[in-house]
Amino acid sequence: MALNHGYSINSSADDQDSDTAPLLEREVKRNTTVPPKCCSVRCNLAAMMFFGFAVVYGLRVNLSVAMVAMVNGTNDQPSSKSNVSNECPGPSHTLDNNSQSSEQPGIPRYPWSPETQGMLLGAFFFGYLFTQVPGGYLSGRFGGSLFLGGGVLGTAVLTLLTPLSAQLGDKWLFALRALEGFGEGVTFPAMMAMWARWAPPLERARLMTFSGAGSSFGAFVALPLTGLICHSLGWPAVFYSCGAAGCLWAVIWFLLVSDEPRTHPRISDREKDYIVTSIGSQGTPHGWSVPLVPMLFSVPLWAIIISQMCSNWSYYTLLTSLPIYMDTVLHFDLQQNSFLSALPYLFGWLFSVGSGVLADELLERELLSVTAIRKIFTFIGLFLPAVFLLAVGFSGCSAVMAVTFLTVSSAFGGFSAAGVFLNQIDIAPRYAGMLLGITNTFGTIPGVLAPIVVGYLTKDHSVTGWRHVFWLSAGVSAFGAIFYVIFGTGKIQSWARTDEESDTDTHN
């Protein structure tokens, strides 16, 4: 259904219109009844993505906790005096000893130095870098369901081989983790490409933050579960269970999901018409050619890139290295370590889902423009976490203060899910998958560098070394918040419009 002057929700005669989509959306509602969200196909898709990204992050973070059980603390490299800092009192040395003594006999442990551990934790992101853009481009051209499901399935199968590769040597494990990243790199761009065809504009924040929040939920569940499995069954069982869960999810995904509403066999005509009409021509494949040069010189795109890199620096620092901090400085035993390391992700998950609901409400009530919402939520999601990361650096040996500040930091970080992390679909819906591939490629660089930097800054396992880690993360995150507020926007860019929209603009 066309609107006045032939516009759909995503089309606009000028930039102002593209930043006030709710006005156009309400015009659709006068003529089209919005189908209920509960039990709809689009909500079922969000649920499948939620559990899919929970599995994805389980596959990604399992090594972070398992590393504590895999490393032999009594046989360290000569360059390191000890695997544990003696600066802070160890309130649970007895528990720690009991934890060590309860390990399953015959399970190997390895004399990996902090530098080697950092390289292994960062290896995933070496592979993750290379498939972001191709995954986004191909998902935008052919649809994202095959790439999202295939990426999870491939990573899950490789995860099953982790214990074998560790026995063969750290180089083999590094290569395996890099291959896992290579397979998983297509998943987020594929998700964005699918939502470009499935998410009505006024439901984007809800649907996309809920599905993406599976990553925080996955980290929250995987971290304590990994600790429990390591303690009771040994660390190899972690990789077997995570790999099996990924394979099971992939089978269900391929049975239930379609690339777009037009091809879904079980969607109602009412829901299909609503989605297709509200998205308009921006929900069509982008074809083989893409406007690469305009993308390269797009200031709003670079605002997304820079701010996501800054946000990911602190996120990946905590994701890969927080269990090591809990172990070597705060002296928590394995089960305490894994639970407390997961706590920040619980609140990050809850706040990210809530931010999506709040953002859509603000849009629907016409209280704020898309640009204002993205900037406000991004500033809250990057600058306030930086403040609390700075506070972690001052917490010293106080485990209560450190865990509290880390949890509050991650909670406020959830707001960015309805900010910069949705912005690709605002500025170029048709190319959203490829744009996310581009921004995620740059955003993965911190995932490669952060664990290595942490390894070098904390070679002596000192409180001072970790203080520098948290202060660095705080400074980087604050810079990203300020940069996006200055240069970010929620308006559809001229190079992202379809031929149909451009012709309409010309005639009007």
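# Chat about a helical chain

Trainee: What is the relative accessible area of Glu366?
Mentor: Glu366 has a relative accessible area of 38%, so it counts as partly exposed. Keep in mind that this is a predicted model.

Trainee: Where does Glu366 lie?
Mentor: Glu366 sits in the loop between α17 and α18.

Trainee: What about its phi?
Mentor: The phi of Glu366 is positive, about 60°, although the residue is not a glycine. For background, most residues other than glycine have a negative phi.

Trainee: New topic. Which helix holds Ala359, and is Ala359 buried or exposed?
Mentor: Ala359 belongs to helix α17, which covers residues 334-364. Ala359 is buried, because its relative accessible area is 0% and the cut-off for buried is under 20%.

Trainee: Which residues does Ala359 touch?
Mentor: Leaving out residues up to four places away in sequence, Ala359 touches Ala205, Ile373, Phe377 and Ala418.

Trainee: And how far is Ala359 from Val370?
Mentor: In sequence, Ala359 and Val370 are eleven residues apart. In space, they are 8.8 Å apart from C-alpha to C-alpha.

Trainee: Let's zoom out. How many helices and strands are in the protein chain?
Mentor: The protein chain has 23 helices and zero strands. It has 508 residues, and 60% of them are buried.

Trainee: What share of the contacts joins residues at least 24 apart?
Mentor: Taking contacts between residues at least 6 apart in sequence, 87% join residues at least 24 apart.

Trainee: Back to α18. How does α18 pack with α22?
Mentor: Helix α18 (residues 370-394) and helix α22 (residues 463-487) have axes 8 Å apart, at an angle of about 160°. That angle is why α18 is roughly antiparallel to α22, as the cut-off is over 145 degrees. The crossing of α18 and α22 is left-handed. By class, the contact of α18 with α22 has 16 nonpolar, five polar and three charged residues.

Trainee: Which residues of α18 and α22 meet?
Mentor: On the α18 side they include Phe379, Leu382, Phe383 and Ala386. On the α22 side they include Phe470, Trp471, Ala474 and Tyr484.

Trainee: How do α16 and α22 cross?
Mentor: Helix α16 (residues 299-328) and α22 cross at roughly 160°, and their axes come within 9 Å. They are therefore roughly antiparallel to each other. The crossing of α16 with α22 is left-handed. The contact of α16 with α22 has 20 nonpolar, eight polar and no charged residues.

Trainee: Now the largest nonpolar core. Which residues touch the most other members?
Mentor: The largest nonpolar core has 109 residues, and those touching the most other members are Met49, Met70, Leu148, Trp195, Trp235, Trp253 and Tyr325. Helix α3 (residues 41-70) gives the most to this core, with 18 residues. Apart from this core lies another, of 18 residues, among them Tyr137, Met434, Leu435 and Tyr484.

Trainee: What does Trp235 touch?
Mentor: Not counting residues up to four places away in sequence, Trp235 touches Ala66, Ala69, Met70, Ile107, Pro108, Tyr110, Pro163, Ala166 and Cys230.

Trainee: Last one, on α3. How do α3 and α10 pack?
Mentor: The axes of α3 and helix α10 (residues 187-198) are 12 Å apart, at an angle of about 170°. That makes α3 roughly antiparallel to α10. Met49 and Phe53 of α3 are among the residues making the contact, as are Met191 and Trp195 of α10. By class, the contact of α3 with α10 has twelve nonpolar, one polar and two charged residues.

Terms used
Residues numbered from 1 in each chain as written. Predicted model: local features only at pLDDT ≥ 70, side-chain atom pairs only at ≥ 80, totals over all residues. Heavy atoms only, no water. Axes fitted to C-alpha atoms, helices over the stretch in contact; angles between N-to-C directions. Helix = DSSP H or I, 4+ residues; strand = E, 2+ residues; numbered from the N terminus. Parallel < 35°, antiparallel > 145°, perpendicular 65-115°, else oblique. Left-handed = near helix turned anticlockwise from the far one by under 90°. Contact = heavy atoms within 4.5 Å. Nonpolar A, V, L, I, M, F, W, Y, C, P; charged D, E, K, R; others polar. Buried < 20%, exposed > 50% of the residue type's maximum accessible area, 1.4 Å probe, protein only. Core = buried A, V, L, I, M, F, W, Y, C linked by side-chain atoms within 4.5 Å.
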